[in-house]
Amino acid sequence: MTDREIKNSLRALQGVRGIGDPDDAWKRRTREQLLSKIMQDLMASPAAGWSFAASEWVRLLFPQAFTRFVFRPALVSVGMLGALLGGWVTTVSASYNSLPGDRLYAVKIAAERAQANLVLNPGDRVRLRVEFLGRRVEEVAKIAERQVPGKASKASVAVEKMKEEISTVQEQIKTLKQSKPDQAVEVAKLVDRKAGEFNVLLSSSGREATAEVQSAVKAAKDLMTDASVQAVAVLVENRGDAAVQISASALKEKVQEKITAVAAENPAESVALDEAQKRLAKDDLAGALSKVGEVTSRAASSTPPVLPLVETVPTSANSITLPLFGQVTGSGTSSTTPLPDKNVSSTPR
Amino acid sequence: MLYQARVRRDPEAFGKIYDAYVSRIYRFIYFKMQSKEEAEDLTSETFARLWKYLQEGKPVKHLGALTYQIARNLVSDHYRGQTDRMILSTDAIREEEATEPNAAAAFDTSIDAATLERSLRLLKDEYREALVLRYLDELSPKEIAVILGKNSGATRVLIHRALQALRVVMRTPSKI
């Protein structure tokens, strides 16, 4: 038996009904069932958009390698140049008032990110981030006030963006504390001051809105309160530092303000806040803030889940994996880190 | 056809894709399964999944490779769910079908179709897969390499070894 004979025999199996060749009736039947199922699916779902068709044409007209290594990079470069030289200022200006869910919102975020990356001084960079945080708060307030479609989901996305911004600010303050403690104190003061302003703005928003929007605004306020408590914790931690420039009594008063404000918003947390009050009475500012921080962290972490802006499309065919062609993966969202449980000064933020 | 099926969502275009690949995919699955019915079910499911994949808008580099890949994953899923798999099946019904007069006429070489099928089933999955893709489906080593996730050189070696293994099995009637 030669190789040739075996190969010929294998090829001949192609035509053997039931082995190499499926039954014609079955093929026809399956085809009909498949197409009928597809027709049903098509009736139930809308057609693909023009952008998909355009990208498909590019894919068909140009070889994959050309698209990947020449066309796409060239397109990106030209696009970037065009955006930078021609329409950058216009686009960014136009995007300035955009809100989550708007087409230009991504431009606004990208411009902010680029702006932050251009700032070399870490202290200035955090200040800039605080400014951006202000924008996020304004976005929540605007959405709560305006009559926009998908208001609840947009509000929850805006709160999530705000949460990310707070998280970034806190992370950067943490880094700043290691390298430039005096600047960290300055930024903490700024955050505390701004948090007060932001909370006022949020309190005046969404009073007439639906329960979902009000819940998003409440979540935003909780996040801001938590951020301000953590900012004061930085001041308390560095109270010996000349940059703090706040007397012990003023600092104590500030902590007292926090306890009072948090107690007003969280009446169910009286036990923890009483304990904070007792610690404050003993001049244990860090301990008192730690208890307050527990309460605000709890409130902030109970932020309602983000509602999707658009309907999500399933990304994979159930359990099948297609390593040759890649898979779409999702990415998580960042969240604020809760305050340390025990002592603010032992684990500084 | 691919453009029509993906972008225009044209069922008829997908029907043509089905016509072009159904026999090959069936064959590919058939040699991995214990029965004709299982092969038919998984073939049908392969095309349902292919349509779904095309509608997700993900890039398709090679439609044939994608279809085989889906079929391959479905077979893996199928066996993952089975605990009592029979390794070597000599299904009497299948033997009858393979040797019916019509089939015998088409099979004009000196080696019996049923014997060859049984011999193929005695090979390890990788070898059987390579031989089916190369000689029954008449794909090039390059195309097979894409499906199996190997390079062309390794695929050529695999086909060669598979052929040698088949020859050894066929020379040992007691095994068949």
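This is a predicted model: local features need pLDDT of at least 70, side-chain atom pairs count only at pLDDT 80 or more; totals for chains, interfaces and linings use all residues.
Visitor: How many salt bridges does a search of the whole structure find over all chains?
Guide: A salt bridge needs a side-chain nitrogen of Lys or Arg within 4 Å of a carboxyl oxygen of Asp or Glu. Searching the whole structure with that rule, over all chains, gives a total of 31.

Visitor: Let's look at one of them. Which residue meets B:Glu45 in a salt bridge?
Guide: Start from helix H3 of chain B, residues 36-55, and look four residues along from B:Glu45, which is about one helical turn away. The side chains meet there, with N to O at 2.9 Å. The partner is B:Arg49.

Visitor: What separates B:Glu117 and B:Arg121 along their helix?
Guide: These two side chains meet in a salt bridge, 3.1 Å from N to O, and both residues are buried. They belong to helix H7 of chain B, residues 113-122. Because they are four residues apart in that helix, the separation is about one helical turn.

Visitor: How far apart are the closest N and O atoms of B:Lys124 and B:Glu126?
Guide: B:Lys124 is partly exposed at 47% relative accessible area, and B:Glu126 is partly exposed too, at 29%. They form a salt bridge, and the distance between the closest N and O atoms is 4.0 Å.

Visitor: What about the surface? How much accessible area does the nonpolar patch with A:Leu81 have?
Guide: A:Leu81 sits in helix H4 of chain A, residues 64-95. A patch residue must have over 30% relative accessible area, and A:Leu81 is partly exposed at 48%. Together with A:Val76, A:Met80, A:Leu84 and A:Leu85, this residue forms a patch of about 530 Å².

Visitor: Where is A:Asp283, and what is its phi?
Guide: Most residues other than glycine have a negative phi. A:Asp283 is partly exposed, with 48% relative accessible area, and lies in the loop between helix H11 (270-281) and helix H12 (285-301) of chain A. Although A:Asp283 is not a glycine, its phi is positive, at about 65°.

Visitor: And what is the phi of B:Glu138?
Guide: Look in chain B, in the loop between helix H8 (125-136) and helix H9 (141-148). B:Glu138 counts as partly exposed there, at 48% relative accessibility. This residue is not a glycine either, yet its phi is positive, at about 55°.

Visitor: What is the volume of the second largest pocket, and which elements give two or more residues to its lining?
Guide: The volume is about 250 Å³. Among the 14 lining residues, those closest to the centre are A:Gly196, A:Asn199, A:Thr225, A:Ala261 and A:Glu265. The elements giving two or more residues are helix H8 (181-203), helix H9 (211-237) and helix H10 (248-265) of chain A.

Visitor: How many residues of that pocket lining are charged?
Guide: Asp, Glu, Lys and Arg count as charged. The lining of the second largest pocket also has three nonpolar and five polar residues, and its charged residues number six.

Technical notes:
Residues are numbered from 1 along each chain as its sequence is written. Chains are lettered from A and ligands numbered from 1 in the order in which they are written. Side-chain values use heavy atoms; hydrogens and water are left out. Patches are made of residues with over 30% relative accessible area and no salt bridge: like charges are joined within 9 Å, nonpolar side chains (Val, Leu, Ile, Met, Phe, Trp, Tyr) within 5 Å. Accessible areas come from the Shrake-Rupley method with a 1.4 Å probe; for residues, only the protein chains shown count as cover. Buried means under 20% relative accessible area, exposed over 50%, partly exposed in between (1.4 Å probe, protein chains only). On a 1 Å grid over the protein atoms alone, a cavity is a set of points where a 1.4 Å probe fits but cannot get out, and a pocket is an open set with protein on both sides within 12 Å along at least five of seven lines; lining residues have an atom within 4 Å of a point. Grid points are joined across faces, edges and corners, and a volume is the space filled by probe spheres set on the points.
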